[in-house]
Amino acid sequence: MYELKSVDKKFPGVHALKSVDFHVNRGEIVGLVGENGAGKSTLMKVIYGAYQPDAGTIMIGGKAVRFAGPRQAMEQGIGMVFQEQSLIANLTIMENIFLGYEAQFQRWGVINWIAMAAAARKQLAKVKLDIDPATITSRLSFAQRQLVELAKVLALEERIDGDLVILLDEPTSVLSKDEVTLLFKLVRELTSRASFIFVSHRMDEVLDLSDRIYVMKDGAVVDVVTREAARIGTIQQKMVGRSVDKQYYREQRQKPFDPGRVLVEFDKVSLPGRVRDISLRLHAGEVLCLVGTEGAGRESILRAMFGMLTPVAGTVTIKGKSGVGLNQPRAVARGVGYVPRERKVEGIVAGMTVYENMTLSQMGRYSSGGVLRVGQERALARDWIARLSIKAHSEFADCGNLSGGNQQKVVLAKWRSGGSDIMLLDHPTRGLDIGAKEDVYEMIRDMSDDGVGVVLVADTLEEAIGLSHTIIAVKDGQIRKQFDSTPGHKPSLVELLQYMI
Amino acid sequence: MSRHISRQTITRWAPLMVLMVLVGFFTVINPDFFSLRNFARIAIASAPALMVAVGVTFIIVMGSIDLSMEGAVSLNAVVFAFAFLHFGGTLNSWGWLALPIVLAFGAGFGLVNGLVHVKLRIPSFMASLAMGFIGTGAAILVTGGNIVKVDDDLFRGLLTYRYLGFPLMVYMAGGFLLLAAFIQSYTRLGRNFYAIGGGEELAHASGVNVQRVRVAGFALAGMFYAVAAVLVVARIGQAESVSGANFMFISITSAVVGGVALWGGVGGVWNALVGVLIVGVINNGMVVIGLPDFIQSGMLGVLVIIAVVLSTDRRAVAFVK
Amino acid sequence: MSTFIKDFIEREKVSRRNFMLATAAGVTTAAMPGLFGSGVANAALTDPALAWSYRDRASAYWNAIVSGGETFVESLGKTKADMTSLINEGSSEKSLSDIKSFLAKNSGNCAIACDANDSPNARPVAEAVKAAGGYVSTIWNKSDDLHPWDIGNNYVCHLSWSGVKPSEEAARALFKKMGGKGGVVHVGGIPANIPAIERLQGLMNALKDFPEIELLDVQPADWDTQKAAALMSSFITRFGDKITGVHCANDNMAYGVIEAFKAEGITGVPITAFDGNPEAVEMVINGELLATVFTNPMWGGGIALALAHHAAIGTFVPSEEPNEHREFYGPSVVISTDDVKEFKARFMDATPTYDWNDFWGQSAGAIVYN
Amino acid sequence: MNFQRLKPHFPWITLMILTSCVGVYDPNFLRPANLLSLAGDIVPLFIMALGLTFAIFIGGIDLSAQSMANMITVVASVYLASLGVGVAVLCILVGALLGTVSGYVTTRLKVPSFITTLAVGGVCLSAAQWLSGNRAVNMDATQRDAVFGWMIGRTGIVPNELFIAAGLLAICLFVERRTVLGRALKAIGAGELAAAASGVRVARYKIAAFAISGGLAAVAGLLFAVKLSGGAPSIANGFLLPAIVAVLVGGTPLTGGVGGVLNTAIGTLIVAVIRASMLYYGIAATQQQMVFGVVLILAIALSIDRSKLRTVK
């Protein structure tokens, strides 16, 4: 009942959508996959009205429509659940749910909060969230916010007469495994109320949830498969145009680490919050994976190693030196590199060039008496652009304009070129396409070969298992179990899960 | 969670505590400070500033800034005075018409301010700064630089007639403060200010017409500047092209001291009230305790910093510009 | 005290009589450059561009100054528009750069009257004008170590109004009204401004003869009406009815003080002010003000420009004038209840006409430094 | 696309347009000597704006600059006699020190720089009033000429101030483009969190920015004091807003990271030209301020490059 007919979209220099045909039936869950830059996000923007197609028609219930903006799309029953949290933190839940639609609760310009609260409860009930609608959103957990987002979109159905189409853009990216299963359960139930378009980089999830899957490549739909027909391999092949072999995680390159050289040692470390009694060791050449649910404490441990969190108890030792008074600059000075989850916020500085970003952490090395040796900086940048085959027109390219994968490569290059031998990777493959992911895996292996110790908070459990020498399962701020994960006897998903949940 | 909340409650009430401490401090040094009469004096001096602070608070909550108040107040004051005189120069006859006129005019001036900012896509700091020049300039143009006296006793009753020890103008300010509080928490516009301050793009994506809200915000602020202008005229019985002088820094400082965050989304008109009172008390108190004049500006600065330090939830903000 | 006004008006009449002589003198001096040719330091200009550089148009005082300048320009058969207004908005930096641009625009062929806004600014202004070959006369702000005769003919003269003596007279009037005892507060201008300093000095002098008058406090209100109102109410809190008299450094602040009292319902506290603006004069008439001081800004505005102009066209050669013609006080006179009517009739109801060729007729003597 | 490439040059273009507007009206304006002296007169303002640029570049603001300059005029005048040329060092140190205080309070105590610098300005004013005894203080003219005469003379038709300005501009430009400090400030302005996560000592560099701002404000004050051979606690009044306007018109928005000292140079010239235009067009006294406001809006609308501003606040 929602349909795109040969929709075309061009940007200066880019042909983003090449006559795309796309349709969603009532109560259907349609998956949408494709590498970054394949046109997924453009397509979504067209669907929820942020972009207007240059050619082609959008049809709802058989009649052509045209959206001037998201607002109009909403009025036609198109709702969007954004990847980045699209709730406004300083507003209450109910305000967020009815943001832009307060009018219905106004009488003579006065908002009737009681009525709004009641209506909000109704929406929250749909997503089985029992919480006071007057709560300030900033107090909610990620999972709760995701549900509120969903409730917000579902609130459309009272407003419009037609059917609902809801886009879910990477809805699981910030959710832990169990929260994901809950969400999927909910979505399936909600198909009675709406159709869903589900966009995710996690192939397994897409297959798990969707009835049909659209595969995009280079701005065109290259395949549409039903759940029954869907096979990860074939789909990925279609996406990347090449087969993703068994050696996806480069296991064949995994060499034993050097147990003699301890880089980081935690002894009964407790952190502000609920993380306590963490004892672990990171060795040269080791990939140490922290697994656990969102908020289990993985990030806190990472940030403590980088000096962003000060332990309240226990001792941190980095390369034999005590970590007392550790802060970011000192950590960097001792060779710790941090690849944050929020790449755009903490990883790169948009508006600065590639070479400026690469030397940001090591300007001392490229300057004498405070004066930068720009020539050397650029040489360095050119070198790494070549090594990691970063897609940038030159070292002068603005990092803000690079694709996610290339931005991530710049961040990694920043630390690698700086000779950091303790790398903290927080969801390094978050939002990357398969090609870029593989590059990251390669780099991790390279680092191990160079004797770098890597602490990894992986995007998926498969990733964690595939990449790691050692896996530490964290739950409620405590270490539940440590797994040896050398090739051959890698733990299984189930084994890990029982210690995580 | 609980620590989180308690911290928030502390910072929420910190400005009020600062105010109390200051009152106590000045009272100890000179007991005369703590008297209804003196509070009335502080209230009179603060009433116009309060209206300006309330106006600019709406803007700051949106994450923007407005520096046009000095020009706006001057121009509004002059317009009000001329209108008042034109309609008979007394409340007995049609003089009262000047009030709705100046409110409309003030809103109009704010509207232009907002349009310049939004339509020409000039950051509010610059747009409003320039609009301020225009406001003062226009005031000079129409007055030719002369003083316009408004000495209708009935109108001046705002200053001279007291009820429960406070002159009427204080109640007028209070009334408009309540109106502002109402707009802030019971109207769509008011809530949208917070939405924009909390996340402009998100608000836009959720179908809030950000541009319109912004413009409306500046118009609303303009209306409160007009109220301030009327109070200025009521207080000193004259309007001139410098009637709005000194309001810019005082009002913004007050808002921040009261706990309105310059990065938007936090605080409200009640914070503005407390802030204005803090500044008013300091200014009045420094004279009352007989501080040498050349120390006062420095002292004000130091006290303001202390007040802000105490009243902002610094752990909540990642970094400060 | 009405004698002051009497003398004042007298002096005007007298001066009108001698102006024949004055102009005669002027003619001769004007002829001299012709006779001695280049012998005279500076060749006279012909039809110099005229400008007044002043703070802003936001006060009655400066408006009077400007209108004076304009009437002079009209007396030359030109239009108001022929006098350029250089507004410094209280910024010495702008004042200087505006004057420089004006000189550049007219390649030095200028006659400028100027208030340098802050005394140190007078020197660079004078130097700039000299460098460009223009002529300037300054009023109010000039540092004590700077004298026109040190700069040369291009710095025609400096005109000021002694704040001390009239402020002292006003104070005496105030103290008499207070019955020679009680408490007085002084509401001052921007502390560093010379007028503010002098007017406070006047008060101090008067206090010497009134031992039973106590000076309660001195605080600045920066010439600002609203600040003065707030300041006064704080005073009332601090001193209560100990305040039996208020001495203000200018009219605008006095308005604020009056309103502060009005708000408290306090009446009958005598207040004196300075400047003699029309509003203030009205207040003296209806008894809200005890006295204010009239400095005849209109005349000052006219004569300052007239002197610059005539020096420029060579009507007289400044270097040949005695020092008291190059640094002199303008007239200032206390207006109080008993002579205000006279004054109003003379200066407000009828716009007085001035003879702009009588340069020093109203001079109140050479400027004295202490 | 061409249009895109033009954007960074808008400030230049705006300046040219304005200049030619005046020039067409009165060719006299375009005489090199005239333009040079026009530029020379704006130098103290420019130096202050130069300092403000650093504060604004990292997304802050320095409202203490004016009071700082005020205080320095007094300091310079009072201590010239005793310290001779050393007074220059004193002035700059004092300025930098107070700037450091602003920076410290802003970064460590997390008080918005808008408030901090306003407060520090108040402290400066008090200090100036106390030191000057609330009177205008004068330099001994001869000593001034002996010590600082070179600052205000002319070389040919070029005012010496211009050399000072050029020198400072060159230094600042070098700092901005070629030094760790400049790079760090850019990073902080454009993405503070990323800079922090790269181990950049953010707080330290921010404090440095305010220190520079304070120091340059002091230089402005010193130059002004020399120019006037005296000082007063209020003599530099009317500097602040024009200086801020100069920075903004030059194309350094308050969002930080964009623009730079070169833009400020252009911005200052734009302000100078707008002022002069009042005179050349003979705008009536009562209209000047209004016209200034209108022209300002047009100039800003022309000059700022919005492409890097995500949302216009």
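Chains A and C share no contact. Their closest C-alpha atoms lie 36 Å apart. The model that shows this separation is a predicted one. Five pairs of chains are in contact, and among these pairs chains B and D share the most contacts.

Chain D also touches chain C. The contact takes 34 residues from chain D and 30 residues from chain C. On the side of chain D that touches chain C, six elements are listed as giving two or more residues. Five are helices: H3 (32-41), H4 (43-57), H7 (113-132), H11 (202-228) and H13 (261-280) of chain D. The largest share, four residues, comes from H3(D). By residue class, this side of chain D divides into 15 nonpolar, 16 polar and three charged residues.

The fold of chain D itself comes next. Chain D has 14 helices and four strands. Its C-alpha trace spans about 60 × 55 × 35 Å along the principal axes. The radius of gyration of chain D is 19 Å. A compact globule of 313 residues would have a value near 20 Å, so the figure for chain D agrees with that expectation.

Burial and contact range were examined in the chain as well. Of the 313 residues in chain D, 67% are buried. Among contacts in chain D with a separation of 6 or more, 79% are between residues 24 or more positions apart.

Methods:
Residues numbered from 1 in each chain as written. Chains lettered and ligands numbered in written order. Predicted model: local features only at pLDDT ≥ 70, side-chain atom pairs only at ≥ 80, totals over all residues. Rg over C-alpha atoms; globule rule 2.2 N^0.38 Å. Buried ≥ 20, exposed ≤ 12 C-beta atoms within 10 Å, placed from the backbone. Contact = placed C-beta atoms within 7 Å. Nonpolar A, V, L, I, M, F, W, Y, C, P; charged D, E, K, R; others polar.
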